[in-house]
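Okay, thanks for coming, everyone. Let me put today's structure up on the screen.

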Amino acid sequence: MQSVLTIAGSDSSGGAGIQADIKTITAHKLYATSAITALTAQNTTGVRAIHNSPAEFVGQQLDAIFEDIPPDAVKIGMVSSPEIIQIISEKLRDYGAMNIVVDPVMVSTSGSKLLKDEAQDNLCRLLLPIASVITPNIPEAQVLSGMEINSLEDMEEAAKIIGSKIYGGVLIKGGHLSATATDLLYYDGEFNWYRQEHIDNPNTHGTGCTLSSAIACNLAMGYDLPEAIANAKKYITGALKAGLNLGKGSGPLNHMYAL
């Protein structure tokens with residue numbers, strides 16, 4: 001059985017972060033391991049508090065995993081301090097980690113900045129260059145490219161700019177732009193568009209975490225990057241279509257819809 005390591009924050013409501021990742025990995029019939037970067041007090045209506053793990057402890061978690069159950073893929077989500085980012089990049093390089101999927105949690109859907117400048121600099125300088133693929137949303141892609149994105153053509157231009165700075169693929173999630181779930185992968189000098197039907201479901205808590213984890217699962221199973229993303233998109237469409245409705249705010253997905 002292949003294993004997938006998730007490096008992310010814990011979501012006490014179970015809809016995003018480590019919990020969403022483990023559910024996604026399990027739904028793909030793979031073995032999930034984890035390194036927790038932060039504890040959060042949150043639910044479907046918002047985040048109340050964040051308690052970061054000490055960077056040294058994050059490193060110890062990674063040592064424990066790689067020395068015993070080396071992962072076939074790695075998904076990285078919430079990394080909120082420059083020290084945590086640095087130790088993650090050092091450990092992944094030391095252990096020769098492969099199939100690294102980075103969800104650069106930098107800007108919220110509403111446009112709020114989630115990373116301080118020093119942490120953002122470390123993310124761009126240390127983590128993104130070792131990724132097999134990064135999965136920014138439109139606001140994050142605007143930060144990474146330094147340009148506004150208002151059209152599909154802008155997405156292509158931004159993807160090329162970001163792609164010139166890293167070695168892996170760039171998957172820009174275009175949900176902010178259109179009524180269809182249209183994402184763009186720029187990889188190996190080529191554009192790949194993914195157009196899925198738009199699901200009329202307001203409960204989208206954890207969709208970014210889930211998509212990046214599903215991509216990591218498919219890479220661990222041996223699919224190439226374009227096919228891994230296509231499979232992951234089908235999975236998240238099914239999880240949204242299942243229509244789970246929990247909580248008073250934007251609720252979670254049904255990660256186990258196929259079971």
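This is a predicted model: local features need pLDDT of at least 70, side-chain atom pairs count only at pLDDT 80 or more; totals for chains, interfaces and linings use all residues.

Residues are numbered from 1 along each chain as its sequence is written, and side-chain values use heavy atoms, with hydrogens and water left out.

Helices (H or I, at least four residues) and strands (E, at least two) are DSSP runs, numbered from the N terminus. Two strands pair if DSSP finds at least two bridges between them.

Let's start with β1, residues 3-11, and β2, residues 31-43: these are parallel partners, with 9 bridges. In that pairing, A8 sits opposite I36 of β2. To get from β1 to β2, the chain goes through helix α1, residues 17-27, in a right-handed β-α-β crossover. Right-handed here means that, with the strands pointing away from the viewer, the path from the first strand over the helix to the second runs clockwise.

On to β3, residues 46-52, which pairs with β2 in the antiparallel sense through 6 bridges. A hairpin with 2 residues makes the link from β2 to β3, and T40 is opposite I50 in β3.

Now β6, residues 133-134: 2 bridges tie this strand to β7, and the two run parallel. Which residue of β7 is the bridge partner of V133? That's G169. For the cut-offs, buried is under 20% relative accessible area, exposed is over 50%, and partly exposed is in between, with a 1.4 Å probe and protein chains only. G169, L171 and K173 point one way from β7, V170 and I172 point the other way, and all are buried.

Next, the helix residue. Q61 is in α2, residues 55-66, and counts as buried because its relative accessible area is 14%. Leaving aside residues up to four places away in sequence, Q61 touches S34, A35 and I36, where contact means heavy atoms within 4.5 Å.

Last stop, the surface. I69 is in the loop between α2 and β4 (73-76). Buried or partly exposed? I69 is partly exposed, because its relative accessible area comes to 32%. Together with M1 and Y31, I69 forms a nonpolar surface patch of about 350 Å² accessible area. Those areas come from the Shrake-Rupley method with a 1.4 Å probe; for residues, only the protein chains shown count as cover. Patches are made of residues with over 30% relative accessible area and no salt bridge, joining like charges within 9 Å and nonpolar side chains (Val, Leu, Ile, Met, Phe, Trp, Tyr) within 5 Å. A salt bridge is a side-chain nitrogen of Lys or Arg within 4 Å of a carboxyl oxygen of Asp or Glu.
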